[in-house]
Amino acid sequence: MKLNLKVELSSLMKRWLAIVAVVIVGLSINFLSNPPKLGVSPKGYSVAFGHVYYDGKKIENAKAETFFYSMLDPFGDYGWDENNAFYKGKVIPDAHPTGFSAYHYQLKDQPGKYAPSGYYENKNGVFYHGQKLDGADVKTFYAIEFDQGRSNENFYVEASIKEDD
């Protein structure tokens, strides 16, 4: 009886080892096909190994030696190098390759408190999610809400000019 018990344990042990081996091989294949990049952030911009990354994906046309992004940017979507400005890792054709500053708006239910909007200014204009606002003047623009702003006579909802209500 003892001999059969050893055979059953051995058979059970073989099955368990086979399952473990399949799991290890599967994990190894996944790791080798998509290895983690040490020093590369899975969120936002990072510069590592002589390259620039956004959300862990390499940005081909960004120059690591001259790349900047603001750690004070509330959303971390804008970056720039000596040649280009970027929004979420994509080149913004109308932007100057310099810094971006977020516009803030006053919270209606909390007087004296401000929150960052989706609007940013750059040397070349005002941007919303990487899109330049037509007719927006950096000197007169202000955010009303996260996705609403005003510049001179223009009222903006996201990146579009709208009629005032």
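Colleague: Which residue is the bridge partner of alanine 102 in strand 9?
Modeller: Tyrosine 120 is the strand 9 partner of alanine 102. Strands here are DSSP runs of E with at least two residues, helices are runs of H or I with at least four, and both are numbered from the N terminus.

Colleague: Before we go on, what kind of model is this?
Modeller: It's a predicted model, where local features need pLDDT of at least 70, side-chain atom pairs count only at pLDDT 80 or more, and totals for chains, interfaces and linings use all residues. Residues are numbered from 1 along each chain as its sequence is written, and side-chain values use heavy atoms, leaving out hydrogens and water.

Colleague: Back to alanine 102, then. Which strand is it in, and what does it touch?
Modeller: Alanine 102 sits in strand 8. Setting aside residues up to four places away in sequence, alanine 102 touches Pro74, Tyr119 and Tyr120, where contact means heavy atoms within 4.5 Å. Alanine 102 and glutamate 121 are 19 residues apart in sequence, with 6.5 Å from C-alpha to C-alpha.

Colleague: Is alanine 102 buried, partly exposed or exposed?
Modeller: Partly exposed, at 22% relative accessibility. Buried means under 20% relative accessible area and exposed means over 50%, with partly exposed in between (1.4 Å probe, protein chains only).

Colleague: How many bridges pair strand 8 with strand 9, and in which sense?
Modeller: Five bridges, and the pairing is antiparallel. Two strands pair if DSSP finds at least two bridges between them.

Colleague: What's the strand order in that sheet?
Modeller: The order is 8-9-10-11, an open sheet of four strands with antiparallel pairing. Strand 8 and strand 11 each have a single partner strand and stand at the edges, so one side of each has no neighbour in the sheet.

Colleague: And over the whole chain, how many helices and strands are there?
Modeller: One helix and 15 strands. Of the 165 residues in the protein chain, 31% are buried.

Colleague: New topic: aromatics. How many pairs do you get?
Modeller: Rings of Phe, Tyr and Trp (its six-membered ring) pair if their centres lie within 6.5 Å; planes under 30 degrees apart are stacked, over 60 edge-to-face, and the rest tilted. By that rule there are 16 aromatic pairs. One of them joins tyrosine 103 and phenylalanine 141 edge-to-face, at 4.9 Å centre to centre with 65° between the planes.

Colleague: Why does that pair tie together parts of the chain that are apart in sequence?
Modeller: Because tyrosine 103 is in strand 8 (residues 101-106), while phenylalanine 141 is in the loop between strand 11 (131-132) and strand 12 (142-145), the pair links parts 38 residues apart in sequence. Tyrosine 103 is buried at 9% relative accessible area, and phenylalanine 141 is buried at 5%.

Colleague: Which other ring does phenylalanine 141 pair with?
Modeller: Tyrosine 156, in a tilted pair at 6.1 Å centre to centre and 55° between the planes. Tyrosine 156 lies in strand 14 (residues 154-157) and phenylalanine 141 in the loop between strand 11 and strand 12, so this pair ties together parts 15 residues apart in sequence.

Colleague: What about arginine 150: buried or exposed?
Modeller: Buried, at 18% relative accessibility. Arginine 150 lies in strand 13 (residues 148-151), and beyond its neighbours within four places in sequence its contacts include Phe141, Tyr156 and Asp164.

Colleague: Last one: what is the phi of phenylalanine 49?
Modeller: About 55°, a positive value although phenylalanine 49 is not a glycine. Most residues other than glycine have a negative phi. Phenylalanine 49 is in the loop between strand 1 (45-48) and strand 2 (51-54), and counts as exposed at 58% relative accessibility. Aspartate 55 also has a positive phi, near 50°; aspartate 55 lies in the loop between strand 2 and strand 3 (57-59) and is partly exposed at 31%.
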